[in-house]
Amino acid sequence: MIRTLHRWPGLLALALVTILSLSGAALSVFPAVERITAPQVETGQTVATLADRIQAVYPGVEQIRRSPSGRITAYWFDQGAPGAAVIDPATGAGVASADPNQALRWLTNFHRSLFLGDGGRIAMAAGAAAMLVLSLSGAMLVARRAGGWRHWFASLRGPFAGRLHVEIARIAVIGLVLSSTTALWMTASTFDLLPDGGVLPTDPTEVSGEIGFALDQMATLLQTPVAELRELSFPYPGDATDVFTLKTDRGTGYLDQGTGALVAWADLTGWERVSETIYMLHTGQGAATLGLVLGMMALGVPAMGVTGVLIWFAGRRGRPRIRGNQPAGRAETILLVGSEGGSTWGFAATLHASLTVAGQGVHVGPMSGFAPERYARAERIIVLAATYGDGAAPASAKGFLDRLNALDGAPDIPMAVLGFGDRSFPAYCAFAKDVAAAAQAKDWPELLPLDAIDRQSPQDFARWGRALGEALSISLELSHQPVSPRTETLTLVSRRNYGAEMQAGAAILRFALPRATLWQRLTGAGFARFQAGDLIGVLPQGSAVPRLYSLASGRRGLCCKVFLMRSLSSVVRQESGCHERFQRASFHG
Ligand SMILES: Cc1cc2nc3c(=O)[nH]c(=O)nc-3n(C[C@H](O)[C@H](O)[C@H](O)COP(=O)(O)O)c2cc1C
């Protein structure tokens, strides 16, 4: 369910979220540049001093604005002609053009609405909603894959694209949740869906009717530091009934131009404050460093988009399609799969198909998604669990044991565990045994005793199927056709035999590595990277189950060496601690 929630918004909104994040990342640079280039205000400088200095240089000044980055801009009229400049607060004189930055304006419009007005705004809001759904569902998937929230930064195994996707996600997710929620808030504000409009003070009924009170003597301006200023608008020249309008971080007020007295004031409302904080968090205006950090996190989105699509393709290739998979809440039989290489999913698909033909509603899912509270109509749970490393859990079973151990009591649904393993490993089906032991410790009712399938044997599986059929009082013939793994042909360059005289025959086979094309290198589709101690899977003719051999050389680009001992199991046993990665191949030569 969570995976579906992650996959489809991701694939459908990929272009939109990529546009949003790239343009957002580019926009995040502007507040930082403005912050660095804006002339700095002396500490403690008041609005009274600033306004006085500016008026001395530009007597026709009609407005002074301070941007969240601290940049001061003045607007004035000089002999009927409007003028504007970025001001140096130390002198009150203009130091740079106040013309808006065209690139910033273009990017902002693009980011907000794709230049499509309200329709574009709604589309971009949909993109932000998709980003939020992706971030939250992605966070749950990361926690599930890592084996719980406490293991958020646990090291990862598996193909490069998957690891990179998760590595980026676990850092970027906070920024993406923040950016997408603030974007949705801002859209709601733009469409007036929030009561965050500004409240102005009531118009003053009585003013002195005088003009010309000195700016640097006005008490309110003397008490207001420039750091709090947003805007100071001057009265219309010659209109003695008009007032100064002062906007600060705290609110808006009117000042009498004849006495300097504050004649009206309105504080910012709570909604306005929240909206302004959200605006700051989203744009980085007033929080340039945060903006840059969020921008960097947004750059992870295109990378996660590409790796996400690669994972999706790999998943489609690696797992059999399970037709008619029932939702967990409606199924009578729950099949939980613990797999690393994917072959156990094939067994699960065969079992699913046979049980479905027998008239049952069956749900197949990964062991990591174990959630007994969702199995409302389940009558049995069947766990198909492979073993990896030295008896460790495979990738799709991460967190299962933790979750089972954390339960107050076992579910009242009978369970069967079927282990998939290889007898040549010392910890034969150890993970399945751990699961069965944990279930027993919780007094979980048993449907069938623990059983094991050695080297993906279809015969073992058919035998177990008959036992399951008996337990369910149905006839169950499981005819599993293993899918041959993808192979690559290697050319044998040399062979050296050792130890025949000591009855301990071994051969060192040296193979040339296949040349990877540039495209294969870029997409990681060529021969997998390896190091000494990794395992290579060799497919004997006529078999779909690879035999594993230990690699003796880790030199890339030239060749690899393979120990070929008379007793394969002894090789695997020696190397069983370090065989996380392996490459399947068929040898010719
Ligand atoms: C690197 C590696 C490590 C393995 N470790 C064990 C092990 O410790 N115990 C075991 O019984 N089987 C082990 N196996 C065998 C697998 O559990 C077995 O082939 C299983 O059917 C694979 O299922 P999967 O393709 O769904 O992951 C290992 C296989 C590989 C490739």
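This is a predicted model: local features need pLDDT of at least 70, side-chain atom pairs count only at pLDDT 80 or more; totals for chains, interfaces and linings use all residues.
1. Residues are numbered from 1 along each chain as its sequence is written, and side-chain values use heavy atoms, with hydrogens and water left out.

2. "Buried" means under 20% relative accessible area, "exposed" over 50%, and "partly exposed" in between (1.4 Å probe, protein chains only). This core has 25 residues, and Leu336, Met367, Tyr375, Ile381 and Val383 touch the most other members. At least two residues each come from strand S9 (333-338), strand S11 (380-386), helix H13 (400-406), strand S12 (415-421) and helix H14 (430-441). The biggest giver is H14, with 6 residues. Helices (H or I, at least four residues) and strands (E, at least two) are DSSP runs, numbered from the N terminus.

3. Which residues does isoleucine 381 touch, not counting residues up to four places away in sequence? They are Ile334, Leu336, Tyr375, Ile413, Pro414, Met415, Ala416 and Trp444, where contact means heavy atoms within 4.5 Å. Another core, of 24 residues, lies apart from the one above; Leu335, Ile382, Ala386 and Leu478 are among its members.

4. Now turn to helix H3 (residues 29-37), whose buried residues are Pro31, Ala32 and Glu34. These residues sit on the same side of H3 because they cover an arc of only 160° around the axis, taken from the directions from the helix axis to the C-beta atoms. On the other side of H3, Ile36 and Thr37 are exposed. The cover over the buried residues includes helix H2 (14-27), helix H9 (270-283) and helix H10 (288-298).

5. There are 15 aromatic pairs in the structure. Rings of Phe, Tyr and Trp (its six-membered ring) pair if their centres lie within 6.5 Å; planes under 30 degrees apart count as stacked, over 60 as edge-to-face and the rest as tilted. Phenylalanine 370 and tryptophan 444 make a tilted pair, 6.0 Å centre to centre with 35° between the planes. The two are 74 residues apart, so this pair links distant parts of the chain. Phenylalanine 370 counts as buried, at 1% relative accessibility.

6. Phenylalanine 461 and tryptophan 464 are both buried. Their ring centres lie 6.0 Å apart with the planes at 15°, so this pair is stacked. Together with Phe347 and Phe420, they form one aromatic cluster.

Notes: A nonpolar core is a set of buried Ala, Val, Leu, Ile, Met, Phe, Trp, Tyr and Cys residues joined through side-chain atoms within 4.5 Å.
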